[in-house]
Amino acid sequence: MNLHYLTIGQARRLLADREVSSVELTKSMLERISATEDKVHAFVTVTADEALQQAEAADRRLASGETTPLTGIPVQIKDNICTRGISTTCSSKMLQNFVPPYDATVVDKLNAAGMVMVGKGNMDEFAMGSSNEHSAFFTTCNPWDLTRVPGGSSGGPAVGVACGEAVYSLGSDTGGSIRQPAGFCGVVGLKPTYGRVSRYGLVAFASSLDQIGPLTREVTDAALVMNAIAGHDPRDSTSAGYPVPDYTASLVPDIKGMRLGVPREYFVEGMQDGVRRAIQDAIAKLEELGASVDWEVSLPHTRHALAAYYIIAPSEAMANLARYDGVKYGFSADGEDIWDAMERTRGLGFGPEVKRRIILGTYALSAGYYDAYYLKALKVRTLIRQEFEEAFQRYDALITPTSPTVPFKIGERVNDPLQMYLSDVCTLPINIAGIPGLSVPAGFADGLPVGMQILGKPFAEETLFRIGHAYQQATAWHERKPDI
Amino acid sequence: MKLSREQVMTIAALCRMKLSEEEVERFRDQLSAVLESFEVLQECDTENVPPTAYPIPLRNVTREDRAAPSFSQSDILANAPRQEDGSFRVKAVLEGEGN
């Protein structure tokens, strides 16, 4: 039996029926990692020994009957989520040797659920990037075409799931970093509502935009992971106090009468024809399943989101990354005096994209520019948020492409930041508004995966799951596997 | 308008980040293009629009202050590049006190 492409649901049944042990499942996953890693490079660290210990503990739990839906199931975790005793690098030279003294809340929760962590996923440095080319270590490759990018910044977590190196993974999403790579790799990715999942232990990039979420093969699995990781956390004062529903209850494959809107601004200039066709077909499928679709929705402020984002995110990043001074942890360079040492530490420890964003954020916040850039962007943020609020009075969900293109070639955009930033044009308005977004595999263009993005109002993850699940029940795109 | 060399150097000094000559030139070009793309925001009428700092409404969040175990000194120092006698070791901060 081929174990590495199991869904959480399938693995759970095999484990419950004692047809497979967690140790067997984990060994099979580690073998798959050995067989594919030299091609895809999805992991910064593979934690084979720890994984087998966790699998043994999970098997004891399974034998005692004290289990959860995630007990004994192998997961990959993005390398900006702190894991006690296991290096957490953010794919940066700055944190290459950093070993956290504590677990992130999501890691605590998955540990309590009996997870088996097979390793830490590669990413763009400090989650800044859309292609994984900004990892300070190596570039993760797209398993559908190894000459192409997997998307980013959660490229490792998307590839890990896409080629069977993990059953599911956790990523983080600040402007599309879960959804865009999920779309590029043909897997499911959820950016939950801001505040739905605790950010405690997630290395901060942009605190008002960052959110942790799952990458999985099926929508059903994303609901199972959300059941385990969502909820209020006293250690994250921005986490929401709303009760967490049982997300699996929303997995009813019935969307009859649901009102869906298609905002035309997301079918941007420069969008590839194959992507457009795939998304139009996917929306037509939702219509066929009984949803009513308004194809003529307009969200005019969409065109302002990119600029607002690239002011707000770097400004927050500039403040968050001020902590890397070479004193308490992380890379440290020597210098003539304390200030010279600090400047050299930051100059040598950060890669080019991180430096660009710190410079950009410092500029936007500096005296004389604060009102023109930062404050202006925060006001435009209000307009974007209001526009979504109004749309959700008329529609249960909005449907868009996840990205205007299929995965691009490695090297194609890396020296042109503005082109790279445009990769996130369909995903970053969602972080600005704080609403949830789900990317679901919705076909192929030129043999490469296309993602459909489903958007809902704050805390309407259940609506997104219901639509995504109904779509996956009626289609088989998510069952296709890369030839690797 | 292209950023001047001096502007990039001033910003780099503000965020305490040493840049090479080559980086300064590269960032001048790249960041000028990015800043130019921000012009689109001028289309938006934001008169009387309040800023949004956080996407969900938050008031001051408070909690009860309770004593609880913290990290041990050795845990916290374990990642320190330089340490001495249970402290982080840094170079002298004030001039003339370099001992």
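**Entry 1: the A–B interface**

I began with the interface and found 55 residues of chain A in contact with 44 residues of chain B. Contact here requires C-beta atoms, placed from the backbone, to lie within 7 Å. The model is predicted: local features need pLDDT of at least 70, side-chain atom pairs count only at pLDDT 80 or more, and totals for chains, interfaces and linings use all residues. Residues are numbered from 1 along each chain as its sequence is written, while chains are lettered from A and ligands numbered from 1 in the order in which they are written.

Which elements of chain A give two or more residues to the side that touches chain B? I listed α9, α10 (338-349), α11, α12 and α13 (417-422) of chain A. Helices are DSSP runs of H or I with at least four residues, strands are E runs of at least two, and both are numbered from the N terminus. α12(A) gives the most, with 11 residues. I then sorted this side of chain A by residue class: 31 are nonpolar, 12 polar and 12 charged. Nonpolar covers Ala, Val, Leu, Ile, Met, Phe, Trp, Tyr, Cys and Pro; charged covers Asp, Glu, Lys and Arg; the others, Gly among them, are polar.

**Entry 2: a helix pair across the chains**

I looked up α11 (residues 352-365) of chain A against α2 (residues 21-37) of chain B. Their axes come within 11 Å and cross at roughly 60°. Axes are lines fitted to C-alpha atoms, for helices over the stretch in contact, and angles run from 0 to 180 degrees between N-to-C directions. α11(A) and α2(B) are therefore oblique to each other. Under 35 degrees counts as roughly parallel, over 145 as roughly antiparallel, 65 to 115 as roughly perpendicular, and the rest as oblique. From α11(A), the contact uses Lys355(A), Arg356(A), Ile359(A) and Leu360(A). α2(B) supplies Glu23(B), Phe27(B), Gln30(B), Leu31(B) and Val34(B). By class I have five nonpolar, one polar and three charged.

**Entry 3: a helix pair within chain A**

Next came α9 (residues 302-320) and α12 (residues 371-394), both of chain A. They pack at about 125°, with axes 9 Å apart. α9(A) and α12(A) are therefore also oblique to each other. Is their crossing left-handed or right-handed? I found it left-handed. Among the contact residues are Ala308(A) and Ile311(A) of α9(A), and Ala377(A) and Leu378(A) of α12(A). The contact divides into 10 nonpolar, two polar and one charged.

**Entry 4: the sheet of chain A**

I traced an open sheet of 11 strands with mixed pairing, in the order β1-β3-β2-β4-β6-β5-β10-β11-β9-β7-β8. Strands pair if DSSP finds at least two bridges between them. β1 and β8 (292-297) are the edge strands, each pairing on one side only. Neighbouring strands are turned by 30° against each other on average, direction ignored. Helix α2 (residues 22-40) of chain A packs on this sheet, touching β1, β2 and β3, and its direction makes about 20° with that of β3(A).

I stayed with β3 (residues 116-121) of chain A: six of its six residues are buried. Buried means 20 or more other C-beta atoms within 10 Å of the residue's own, exposed means 12 or fewer, and partly exposed lies in between. β1 (residues 43-46) runs antiparallel to β3(A), joined by three bridges. Thr45(A) stands opposite Lys120(A). β2 (residues 74-78) pairs with β3(A) in the parallel sense over five bridges. There I noted Val75(A) opposite Met117(A).

Terms used: Left-handed = near helix turned anticlockwise from the far one by under 90°. Contact = placed C-beta atoms within 7 Å.
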